[in-house]
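Hello,

Please find the structure below, with the sequence alongside. Notes on what was found in it follow.

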Amino acid sequence: MDKYGLIGYPLEHSFSKGYFNEKFQNEGIDAEYNNYEISSIESLLEIIDTNPELKGLNVTIPYKKQVIKYLDALSPEAKAIGAVNVIRIEHIGNKTYLKGYNSDVIGFTKSIEPLLERYHKKALVLGTGGASKAVCYGLKSLGIETKCVSRRKNIDVLTYNDLSP
């Protein structure tokens with residue numbers, strides 16, 4: 001049986017375990033999904049070492065940026081955004097290979113693309129956090145110019161506008 005899971009802290013609010021286990025059962029997939037609540041990102045390697053059938057992890061707060069230093073590779077989207085919310089785990093011989101992705105880009109882009117018209121050329125993105133980086137990256141991949149704004153002072157807006165797909 002394959003294993004998947006979620007790392008983050010805290011996780012008592014998460015519905016992922018119930019959702020994915022029900023989905024696996026309904027789809028006839030021989031897999032299990034568990035929550036791995038860790039109070040420190042350093043516990044990631046212990047989780048991977050003690051669960052050799054682990055094929056992937058979702059990543060939530062506060063570890064979307066911190067997890068990057070533990071990964072062997074990043075998708076172009078995750079690298080540009082600087083945040084990972086999905087880790088693919090491969091066991092090749094005695095080596096465990098971890099690759100990070102940011103699925104927010106795909107989810108957002110696939111959701112908005114059918115709604116876009118030819119006259120949609122620019123977008124104002126409210127917020128400058130991690131989700132806004134994914135939105136800007138996705139919009140730019142669709143040829144939309146973006147501008148991000150934030151309530152906080154001293155935010156380097158150019159950082160977010162320079163994200164390129």
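Predicted model: local features only at pLDDT ≥ 70, side-chain atom pairs only at ≥ 80, totals over all residues.

Notes on the model

Residues are numbered from 1 along each chain as its sequence is written, and side-chain values use heavy atoms, with hydrogens and water left out.

Overall layout

The protein has six helices and eight strands. Helices (H or I, at least four residues) and strands (E, at least two) are DSSP runs, numbered from the N terminus. Read from the N terminus, the order of elements is β-α-β-α-β-β-α-β-β-α-β-α-β-α. The C-alpha trace spans about 50 × 35 × 35 Å along its principal axes. Of the 165 residues, 35% count as buried, where buried means under 20% relative accessible area, exposed over 50%, and partly exposed in between (1.4 Å probe, protein chains only). Among contacts with a separation of 6 or more, 60% come from residues 24 or more positions apart; contact means heavy atoms within 4.5 Å.

Helices α4 and α5

How do α4 and α5 pack, in angle and in distance between axes? Helix α4 (residues 103-112) and helix α5 (residues 130-141) pack at about 55 degrees, with axes 8 Å apart. That angle makes α4 oblique to α5. Angles under 35 degrees count as roughly parallel, over 145 as roughly antiparallel, 65 to 115 as roughly perpendicular and the rest as oblique. The axes are lines fitted to C-alpha atoms, for helices over the stretch in contact, and angles run from 0 to 180 degrees between N-to-C directions.

On the α4 side, Asp-104, Val-105, Phe-108 and Thr-109 meet Ala-134, Val-135, Tyr-137, Gly-138, Leu-139 and Ser-141 of α5. By class, this contact of α4 with α5 has six nonpolar, three polar and one charged residues. Here Ala, Val, Leu, Ile, Met, Phe, Trp, Tyr, Cys and Pro count as nonpolar, Asp, Glu, Lys and Arg as charged, and the others, Gly among them, as polar.

Thr-109 counts as buried, because its relative accessibility is 11%. Apart from neighbours within four places in sequence, Thr-109 is in contact with Gly-138, Ser-141 and Leu-142. A polar atom of the Thr-109 side chain lies 2.7 Å from the backbone oxygen of Val-105.

The loop between β3 and β4

Ile-68 is found in the loop between β3 (54-59) and β4 (73-74). With a relative accessible area of 24%, Ile-68 is partly exposed. Leaving aside neighbours within four places in sequence, Ile-68 is in contact with Leu-74, Gly-82, Ala-83 and Val-84. Pro-62 also has its place in the loop between β3 and β4, and a cis peptide bond joins Ile-61 to Pro-62, with omega about 5 degrees.

Another cis peptide bond joins Tyr-9 and Pro-10, with omega about -5 degrees. Pro-10 is in the loop between β1 (2-8) and α1 (16-27).

Lys-95

Lys-95 lies in strand β6 (residues 95-101) and is partly exposed, at 45% relative accessible area. Not counting residues up to four places away in sequence, Lys-95 touches Asp-72 and Glu-90. The side chains of Lys-95 and Asp-72 are joined by a polar contact of 3.4 Å. A polar contact is a pair of N or O atoms within 3.5 Å; within protein, one must be able to donate a hydrogen and the other to accept it, and residues adjacent in sequence count only if both atoms are side-chain atoms.

Regards
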